[in-house]
Protein chains: 2
Amino acid sequence: MRLSGPAAWGGQTELADETVLRRAPTERDVAKLAGVSQSAVSRAFTPGASVAKDTRGKVLKAAEALGYKPNLLARSLATRRTNIVALAISNLENPFYVQVVKELSDRLHETNRQILLFITQPGADGDAMLERVLSFKVDALVLAAATASPALAAEFHKSGVPIVQINRPSGLSGISTVCGENELAGERIASFLIAGGHRRFGYVSGTVESSIGKARLDGFSKRLKGHAEGGIQVAYGDYTFEGAAEAARKLLTSARPPDAIFCASDYMAFAVLDVARRELGLDVPADVSVVGFDDVPEASHPKNNLTTYSQPASALVVETIRILDAMIEKPGRPARRREVHGDLIVRGSARLPARGIVTEDTQRIWRE
Amino acid sequence: MRLSGPAAWGGQTELADETVLRRAPTERDVAKLAGVSQSAVSRAFTPGASVAKDTRGKVLKAAEALGYKPNLLARSLATRRTNIVALAISNLENPFYVQVVKELSDRLHETNRQILLFITQPGADGDAMLERVLSFKVDALVLAAATASPALAAEFHKSGVPIVQINRPSGLSGISTVCGENELAGERIASFLIAGGHRRFGYVSGTVESSIGKARLDGFSKRLKGHAEGGIQVAYGDYTFEGAAEAARKLLTSARPPDAIFCASDYMAFAVLDVARRELGLDVPADVSVVGFDDVPEASHPKNNLTTYSQPASALVVETIRILDAMIEKPGRPARRREVHGDLIVRGSARLPARGIVTEDTQRIWRE
DNA sequence: CTGAAAGCGCTTACAG
DNA sequence: CTGAAAGCGCTTACAG
């Protein structure tokens, strides 16, 4: 290629300049133009470093002239900080996780960090893929709707890279987790539905393994004890729209269909609403009440008008970053577990109890 | 901190080992354990490098024992290739762009590359944010539902970083673009609606500046010439759900409401469908036909059953990567423009013409 | 405040 | 096939 170049350009041979322009300018180039040392250039771009105002000015002017941008990768090599956070996520079809990604991106940006994206398969633990994370020497790994295997967790722990799982309470010692009020939410939704006069209950879970799904069901069934005719009917929606639709069909066409269905996510609740109304011609909530989880933006839309339990993505992300930073700061620290506060948001998809509904911050919530 | 450590541990002072374990293992560590040179370790991890099988074996074993992972950032510094592609995206609420992200992530992964994510504000050109891209020395920048300003484009061009815009045909010389068949789609949808017996037409565009929106409208109005009573009514939905709902209200409650509405994206078409059916109690398509653009997965769902023009995310991404790689390979190359083929997908949200509907690959499409 | 120098963890001619 | 060495573009004690 070196040889064919000049020939292809018709025998012209002024390659020298070309070569110079080809390469992105470095601190050395800036230093030469500004008439200072390379270290001076480095200092001019390091907040808080000791440089004379005058020197800094000359450097910045020269940098501007050359279009110099500090090479963050080289900086990372020297500082052992990449300012890159890996995000593994499996369920971007669910608007809740879109919110999480967006919030995380925004918040990290405030401290000049970026997301390195790993989209994993919902089922797989994504270990093979996440091995690569270690090679990129990211500052931390965030898992959203994705689970780290014990082996992977151990490897990260050994290499000192903090992991925070969002919405996956994990028993693994090295992994911090941030969740919503899963069990409490289940209890309060149960109370709400009992107060609304319901008798037969269904639960659309995500997957069998889902620990948050289990926690929500635990709270739900604990409070329902003695109030549920024939126990709680559980169906699995796989956290997908189609899966949840199928689960809804199963529940609502069973011998004794539930008159209230709690769904492990708003996204699945939308599918349940559609099956109930459009396919089966049921009246919601007269025939069946539907309650979701997350309070995604679409839940408040008139066409869904979904009663749900909020799990604010922004609070989840703020807490995630707080933990992350603490772990980066002091690598030795044990993992933390945090729950983010939510509320039962009352809308029109579930029958209303006679009392307990209050208005707060423009939304109607329920207090027992 | 150095000082307080040992004291906090009760006066114990065996810090040395601790320090050794703290650091991630490097080629030197592996080399020492394997009894070879550091370069030999490097070669063992470089596909195609000349290493004796035996040497390679020793290295791999030692690496395994130490939990060594090559530092990709250091490699990048030496090779001037980061294997990171920046993706700027503004509209993750729209499922079409979720598909784009997912496809791009999957395809890049096949060649061991990752996405560095930049979520930009829909309105802003995101220049400030994208400046950072240059510092990360990514191999390329992909813009999806995001636009580079001429100034930014020039800066990237100067630094030799290829840019490909998805769905934003750009006049800027340095920028390659990949789009669907915007103008052709507009024409064919117009023909389809004329054949379906419509007379009054509406168009829900995204934003005033949107060049793809303009191209679609151009094709649409060109073919509609002489068939549209009182011209085409245009409203802007801002590519958002709420914006499109508002646009639909405006069109459908006007003095002479359209009997056919073409929407610049499926996502906006969903809002239009909801307003037409639920808010205004119209029958779709008896009272009004609605046609979308993109053919996102939700479009085929029974509840939407949307007639639309396909713009396959996978093909778009494949083409994007092809162009990207060509530009990385030969930096001098002029920008390219590609159109990805689509079809008019016939479903139930628009009245059917008497003829031209054929079945292909399990879907019904329309051929004039 | 400043420059020379060592080092971050790799790759890659070069000489053997 | 292999090792010593230079270099990728930064940061950061160190000495002045």
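In strand 2 of chain B, B:Ile115 is the bridge partner of A:Leu117. That pairing belongs to a predicted model. Here, 50 residues of chain A are in contact with 50 residues of chain B. DNA strand D is surrounded by 26 residues.

**Where chain A meets chain B**

- Strand 2 of chain A and strand 2 (residues 114-119) of chain B pair over three bridges. The sense of the pairing is antiparallel.
- About 5000 Å² is buried between chain A and chain B. Carbon and sulfur atoms give 60% of that area.
- Two salt bridges are counted between chain A and chain B. In a salt bridge, the side chain of A:Lys69 meets that of B:Glu155, at 2.9 Å from N to O.
- Polar contacts between chain A and chain B involve 16 residue pairs, with both residues at pLDDT 80 or more.
- Several elements of chain A each supply at least two residues to the side that touches chain B. Among them are helix 7 (95-110), helix 9 (150-159) and helix 13 (266-279).
- Strand 2 of chain A gives the most to this side, with six residues.
- By class, the side of chain A that touches chain B has 22 nonpolar, twelve polar and 16 charged residues.

**Around DNA strand D**

- The closest residues to DNA strand D are A:Gln38, A:Ser42, A:Arg75, B:Arg43 and B:Thr55.
- Of the atoms of DNA strand D within 4 Å of the protein, 66% belong to sugar or phosphate. The rest belong to bases.
- A side-chain N or O atom of A:Tyr68 is 3.0 Å from a phosphate oxygen of DNA strand D.
- B:Ser39 has a side-chain N or O atom 3.3 Å from a base nitrogen of DNA strand D.
- At B:Ala78, a polar backbone atom is 3.5 Å from a base oxygen of DNA strand D.
- Helix 4 (38-44) and helix 6 (72-79) of chain A give two or more residues each to the surface near DNA strand D, as do helix 4 (38-44) and helix 6 (72-79) of chain B.
- Helix 6 of chain A gives the most to this surface, with five residues.
- The surface near DNA strand D has ten nonpolar, ten polar and six charged residues.

**A hairpin in chain B**

- Strand 13 (residues 357-360) and strand 14 (residues 363-366) of chain B run antiparallel, joined by four bridges.
- B:Val358 has B:Ile365 in strand 14 of chain B as its bridge partner.
- Two residues lie between strand 13 and strand 14 of chain B in this hairpin. In the turn, B:Asp361 has a positive phi of about 55 degrees.

Methods: Residues are numbered from 1 along each chain as its sequence is written. Chains are lettered from A and ligands numbered from 1 in the order in which they are written. This is a predicted model: local features need pLDDT of at least 70, side-chain atom pairs count only at pLDDT 80 or more; totals for chains, interfaces and linings use all residues. Side-chain values use heavy atoms; hydrogens and water are left out. A residue is near a molecule or strand if one of its heavy atoms lies within 4 Å of it. A polar contact is a pair of N or O atoms within 3.5 Å; within protein, one must be able to donate a hydrogen and the other to accept it, and residues adjacent in sequence count only if both atoms are side-chain atoms. Ala, Val, Leu, Ile, Met, Phe, Trp, Tyr, Cys and Pro count as nonpolar, Asp, Glu, Lys and Arg as charged, and the others, Gly among them, as polar. Two strands pair if DSSP finds at least two bridges between them. Contact means heavy atoms within 4.5 Å. Buried area is the accessible area (1.4 Å probe) that two parts lose on being put together, summed over both. A salt bridge is a side-chain nitrogen of Lys or Arg within 4 Å of a carboxyl oxygen of Asp or Glu.
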